[in-house]
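Please look over the model shown here before reading the notes. The points follow the sheet first, then single residues.

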Amino acid sequence: MVSTPCFFSLWLHMYPYGCMTRGDASNQAGFLTMRKVAISLFAILAGTSFAAAADTGCDAFKWPVEREQALFPAAPAAQSGATLTVGEAVDFSLAAVDTVSFEVPPDRAPKAGTFGATANVTVPPEGELQFSLSDEAWIDVVQDGKIVKSAAFSGVKTCPGIRKSVRSKLQGGAAVVQLSGAKKADLKLAVLTPE
């Protein structure tokens, strides 16, 4: 009998009889069945890994962030005290946090050496807004002299250009947005109505 080559990798430990012979049809059929099973398992595991990898990017947010991705590259420059427009984004030049005049102290005390800003926004009658930030920072929304607790939050560290998105249920009318604790002096902010 002429022996076929041995497979000294995955197949050798899956096939307990070592090398096959061409004349051993039953062994060859068993080997081919095991090979099909192993390939199928590999395909399933690879598909799961690719799906997990996709979930670690922007798709891992609890809601879509495609609008922010479209707005951020062309966001106009803004300074602390700017007026925001719902449906648009701005590129803030932040100030040293100890120089920013917050309407109320931030809900989380900012660390020394970080940056912040304030901005005004008119909340539409339906009242719910979504604030998305390009980088790490704390965001508070103030109405009637009080911080309104966020209704929902989603943060992802592996989405290029977008770090967090916060939804707030507000009253129609004026509100102040407070940014604090940013580690860098620039930050993009989009103000949108939730989809």
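In what order do the 6 strands of the open sheet run?

1. The order is E1-E3-E12-E6-E10-E9, with mixed pairing. Strands here are DSSP runs of E of at least two residues, helices are runs of H or I of at least four residues, and both are numbered from the N terminus. Two strands count as paired if DSSP finds at least two bridges between them. At the edges are strand E1 (77–79) and strand E9 (152–155), each of which pairs on one side only. From one strand to the next the twist averages 25°, with axes fitted as lines to C-alpha atoms and angles between N-to-C directions running from 0 to 180 degrees.

2. Some notes on the basis of these values. This is a predicted model, in which local features need pLDDT of at least 70 and side-chain atom pairs count only at pLDDT 80 or more, while totals for chains, interfaces and linings use all residues. Residues are numbered from 1 along each chain as its sequence is written, and side-chain values use heavy atoms, with hydrogens and water left out.

3. The chain has 3 helices and 12 strands. Of its 195 residues, 35% are buried, meaning under 20% relative accessible area, where exposed is over 50% and partly exposed lies in between (1.4 Å probe, protein chains only). Taking contacts (heavy atoms within 4.5 Å) between residues at least 6 apart in sequence, 72% join residues at least 24 apart.

4. Strand E10 (residues 164–169) pairs with E9 in the antiparallel sense over 4 bridges. E6 is also antiparallel to E10, and 6 bridges join them. E10 is largely enclosed by the rest of the structure, because 5 of its 6 residues are buried.

5. Beyond four places in sequence, the contacts of Gln130 include Trp63, Arg67, Ser165, Val166, Arg167 and Leu192.

6. Two residues from that contact list, Trp63 and Arg167, also form a charge-over-ring pair: Arg167 lies over the face of Trp63, 4.0 Å from the ring centre. The criterion is NZ of Lys or CZ of Arg within 6 Å of the ring centre and within 35 degrees of the ring normal.

7. Ser180 lies in strand E11 (residues 173–182). Ser180 is buried, at 2% relative accessibility. Leaving out residues up to four places away in sequence, Ser180 touches residues including Val97, Phe102, Arg108, Phe115, Ala137 and Trp138.

8. Where does Asp144 lie? Asp144 is in the loop between strand E7 (138–143) and strand E8 (146–148). The phi of Asp144 is near 55°, a positive value in a residue other than glycine. With a relative accessible area of 75%, Asp144 is exposed.
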